[in-house]
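Please open the structure in your viewer and keep the selection tool at hand.

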Amino acid sequence: MSAGGNGKASQPQAAAAFSLSSSTLLQSSVLTLATLTLLSFTYFSYNSNSLHSSPTTTTTTTTTSTSQLYLSKLEVVEVEKQKEREREKDDDDVSGDVFHLPQIFGLNYAEMERRFKVYIYPDGDPNTFYQTPRKLTGKYASEGYFFQNIRDSIFRTHDPNQAHLFFIPISCHKMRGKGTSYENMTIIIQNYVESLISKYPYWNRTLGADHFFVTCHDVGVRATEGVPLLVKNSIRVVCSPSYDVGFIPHKDVALPQVLQPFALPAGGNDIENRTTLGFWAGHRNSKIRVILARVWQNDTELDISNNRINRAIGPLIYQKRFYNTKFCICPGGSQVNSARIADSIHYGCVPVILSNYYDLPFNDILDWHKFAVILKEHDVYQLKQILKDIPDAEFVALHKNLVKVQRHFQWNSPPIRYDAFHMVMYELWLRHNVIKY
């Protein structure tokens, strides 16, 4: 009873206490909200005043940074646009009739730039016969430029698993410069290749079909012929591509022999200055040259010398003859090739190829008949009449096309799109597509 009476008496007191507690809590919440509102107002008011009172600090810095970023983006965009314009101009230049299939070439070339990867074996001391070029000057500069350019090009990969082809970086030209004999060259090459085969798994996947080496001097061709597995299986990139002595056109690549540097600027679009019908001067170190000199050296319309022009006559007399001549005769020497072909192209003199069994550089890309005269050696006896029978309009077309192809026979470091280096890489790209693994 007593307990029940106390419970009833305490209910009003509990209700009163709850009412008082709720009221106190509400007042406290209102006060807290008011305080927060006041603080917020004060904070934003202060910031607003700061923004209005000191606009030269935060606002200026932010605006300047934004402007710089905007200009930087504009510059990047403009540079990319300029590159794109240059690519479009380049692409327009390759749409002419100097190519066998210009559209196919353009598509394949673009794919090559995107995808083609070459692995360079790291073995070999650069101070001896490996990795680096001997020099970038002289008649065999093409080999040097390739060694130089491949190392820093977009085509190089340090991951052999990504590689389409493998470069064997041994230089016969460097061996030649150190006085190495043919016999020792062959031994050095064989030992080097065998060390790569035993050390790495890549040769054995294709028996070397996806490997290539580069040599411009004819001593390199002779030295490598002593290593049959290299010559038979791998891709040979050589300056003397004579297919009557082992050069295989669909497998090997003709490297253009280019004497570097050119002594005078490129010729072209100067037909009115070319009053001499034909020109040749050089050593009689081959049968065709002996016949050429014997038959035509006393002719009044063909400027044929049975020896090199004496430098004592005057500076750059030989090179200047190219500027004054319509057709420059390019007979084979000790090999089918000659740096005179690239000289003729550079100076704007239509080359007359007078050589048998010569797989001309980039022959499966460029239509040589559109910018050169291609003859057999037996045509030497009718040479003058053959050249005189070429109509003026045809000569003008040949000369015009010759100017178009000049850049394809020019070496640059760093390389430039469509120059000699890229054309050689394109030839290699074509050959990698037929390799069976």
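Does aspartate 210 count as buried or exposed? Select this residue in the model, which is a predicted one. Aspartate 210 has a relative accessibility of 0%, and buried means under 20%, so aspartate 210 counts as buried. Its place is in the loop between helix 7 (202–206) and strand 4 (211–215). Aspartate 210 and leucine 428 are 218 residues apart in sequence, yet their C-alpha atoms lie 9.6 Å from each other in space.

Select helix 3, which covers residues 102–115, and find isoleucine 104 within it. With a relative accessibility of 44%, between the limits of 20% for buried and 50% for exposed, isoleucine 104 counts as partly exposed. Now select Leu101 and Leu107 as well: together with Ile104, they make a nonpolar surface patch of about 320 Å².

The last stop is a cavity. How many cavities of 30 Å³ or more are there? The count comes to 1. The largest cavity holds about 50 Å³ of space. To display its lining, select Pro256, Gln257, Asn337, Ser338, Ile341, Ala342, Tyr358, Pro361, Trp368 and Phe409. Colouring these residues by class shows 7 nonpolar and 3 polar residues in the lining of the largest cavity, with no charged residues.

Terms used: Residues numbered from 1 in each chain as written. Predicted model: local features only at pLDDT ≥ 70, side-chain atom pairs only at ≥ 80, totals over all residues. Heavy atoms only, no water. Patch = residues over 30% accessible without salt bridge, like charges linked within 9 Å, V, L, I, M, F, W, Y side chains within 5 Å. Areas by Shrake-Rupley, 256 points an atom, 1.4 Å probe, with all protein chains shown as cover. Salt bridge = Lys/Arg side-chain N within 4 Å of Asp/Glu carboxyl O. Helix = DSSP H or I, 4+ residues; strand = E, 2+ residues; numbered from the N terminus. Buried < 20%, exposed > 50% of the residue type's maximum accessible area, 1.4 Å probe, protein only. 1 Å grid on protein atoms, 1.4 Å probe; cavity = no way out; pocket = protein on both sides within 12 Å on 5 of 7 lines; lining within 4 Å. Points joined across faces, edges and corners; volume = space filled by probe spheres on them. Nonpolar A, V, L, I, M, F, W, Y, C, P; charged D, E, K, R; others polar.
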